[in-house]
Amino acid sequence: MFEMVDRDSLDGRLKRLLQLSLGYPGMVSLYFRVGSEFAEARSIRPRLRALLDQPRSVLDTRDLSREESEALRSAIEALTGLEKEVGSHPGRAAVIFESEEAEEHTRLLISDAVWDVGVAGRRPYIRPLVSAVESLRNVAALVVESRSADLIVDALNRPSKPQTFRGKYPRKSNRAGWFALDERRNQQRAREARRKLIDQVVRQLASEERRRSLDSIYLAGQEKVTNEFAKRMPENLGDKCFQIVVDTHTATPADILSQVLMAEQRRTRLAAEKLWEEVTAEATPVREGVVGVAAVAEAANRGAVRKLLISGTDPVSGWECSLCWAVQVHEGDCRLCGAPLVEAFDVLDSITHQVLNTGGQVSQLTAPIKDSKLRTVAVVRY
Ligand SMILES: [Zn+2]
């Protein structure tokens, strides 16, 4: 049975998956985007079968004992014939981990922010899952007008109903000009009403923040009004605030929310690109930066990576230690403990495991960084 999950439980699962390991490549991981078109339904079966090519090839090419071969074969068999079940979830992605020995039979459905891949390994293949967790954001969209504000919180692709806040503004005086004092008083009251409106919204945002940590807050509207709201945000919320200009008269809340989500994607992508550029800059590179698979693997083996950036989804083959999991790009013995190395389908995944296990962060850029042949860079702690 496939299970839909939110970010918190996905996070929890990821932590558990990081603990799992076998002594041989008997764990099958499978990521499969179902597609949203009816026409794609017919291709599901051949695509799923093709994804199991890598796990099958492990049966032929690796030196496995009879028990190990049998365990891997039964894991592969458990994943054939899934097309009917998978096909009934258009627009989603199926995530599967299967190993009888590890008692692992995960079947998840998530948003389709992953890529298709099937791998047999000693550990679960987690790069696409990390990417999916990263793409799930908690975002607040605050649509502000001069006399009211609407708040929509989009937690993990599930938008809340808009909450509307209205200020108590004085009626416009029709005696302006005649009684300048009245007019001044009215302006004073209007400012007061605006201040109360903003306070009310800030209180609500603070309570949303306590409920689930918000990644970003977008103030949408005319610049003059959004500026005023931004100025009055307390520091802990202000740091997460971004402003976007929208015409609140013509755009629906759904339009604005989709603009906000696009802005959030653009912003996180740009932040990662900027960091990448800083680390690789020839003129004044970041002092704590390491560049390229071999150097990043070495830093990950030391547990020194604070932030790992991976560009593109293709795997990079290499080696990992059969004993201590250290990652190496060249064949030989482990440089850390001397034990024999075993082939790794994707050392970028092995590095991801190392980094997450030592408290680092991983950012997976599914669209590769332009003009860069490097697959990975990292910022290290020391
Ligand atoms: Zn080792």
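## Contacts and overall layout

Two residues are in contact if their C-beta atoms, placed from the backbone, lie within 7 Å. By that rule, 69% of the contacts in the protein chain between residues at least 6 apart in sequence join residues at least 24 apart. The model is predicted: local features need pLDDT of at least 70, side-chain atom pairs count only at pLDDT 80 or more, and totals for chains, interfaces and linings use all residues. Residue numbers start from 1 along each chain as its sequence is written.

The protein chain has twelve helices and 18 strands. These are DSSP runs numbered from the N terminus, with helices being H or I of at least four residues and strands being E of at least two. Taken along the principal axes, the C-alpha atoms fill a box of roughly 100 × 50 × 35 Å. Buried residues make up 31% of the 382 residues. A residue is buried if 20 or more other C-beta atoms lie within 10 Å of its own, exposed if 12 or fewer, and partly exposed in between; C-beta atoms are placed from the backbone.

## Domains

The protein chain is divided into domain 1 (1–136), domain 2 (138–269) and domain 3 (286–382). The bounds come from an automatic or database domain assignment. Between domain 2 and domain 3, the C-alpha centres lie 43 Å apart.

## Helix pair α3 and α4

Two packed helices are described by the angle between their axes and the distance between the axes. Here, axes are lines fitted to C-alpha atoms, for helices over the stretch in contact, and angles run from 0 to 180 degrees between N-to-C directions. Helix α3 (residues 53–61) and helix α4 (residues 66–78) have axes that come within 10 Å and cross at roughly 165°. The two are therefore roughly antiparallel to each other. Angles over 145 degrees count as roughly antiparallel, under 35 as roughly parallel, 65 to 115 as roughly perpendicular and the rest as oblique.

The crossing of α3 past α4 is left-handed. That label applies if the near helix is turned anticlockwise from the far one by less than a right angle; clockwise makes a crossing right-handed. On the α3 side, Pro55, Arg56, Val58 and Leu59 meet Ser69, Leu72, Arg73 and Ile76 of α4. By class, this contact has five nonpolar, one polar and two charged residues. Ala, Val, Leu, Ile, Met, Phe, Trp, Tyr, Cys and Pro count as nonpolar, Asp, Glu, Lys and Arg as charged, and the others, Gly among them, as polar.

## Ala120 beside this pair in the list of contacts

Ala120 sits in strand β5 (residues 117–121). With 26 C-beta neighbours inside 10 Å, Ala120 counts as buried. Leaving aside neighbours within four places in sequence, Ala120 is in contact with Pro25, Gly26, Met27, Val28, Gln54, Pro55, Val58 and Leu72. Ala120 and Pro25 are 95 residues apart in sequence and 5.6 Å apart in space, C-alpha to C-alpha.

## Helix α7

Leu205 is found in helix α7. Leu205 is buried, with 22 other C-beta atoms within 10 Å. Not counting residues up to four places away in sequence, Leu205 touches Ala140, Ile217 and Leu237. Leu205 and Ala140 are 65 residues apart in sequence, and their C-alpha atoms are 8.2 Å apart in space.

Glu209 also belongs to α7 (residues 180–211). Glu209 is partly exposed, with 18 other C-beta atoms within 10 Å. Beyond neighbours within four places in sequence, Glu209 is in contact with Leu214 and Leu237. Asp60 lies 149 residues from Glu209 in sequence and 52 Å away in space, C-alpha to C-alpha.

## Helix pair α11 and α12

The axes of helix α11 (residues 293–301) and helix α12 (residues 347–357) come within 9 Å and cross at roughly 30°. α11 and α12 are therefore roughly parallel to each other. Their crossing is left-handed. Val293, Val296, Ala297, Ala300 and Asn301 in α11 meet Val347, Ile351, Gln354 and Val355 in α12. By class, the contact has seven nonpolar, two polar and no charged residues.

## Positive phi in two loops

Most residues other than glycine have a negative phi. Trp325 has a positive phi, near 70°. The residue lies in the loop between β14 (318–321) and β15 (327–328). With 20 C-beta neighbours inside 10 Å, Trp325 counts as buried.

Phi of Asp371 is also positive, near 60°. Asp371 lies in the loop between β17 (361–365) and β18 (376–380). Asp371 is exposed, with 5 other C-beta atoms within 10 Å.
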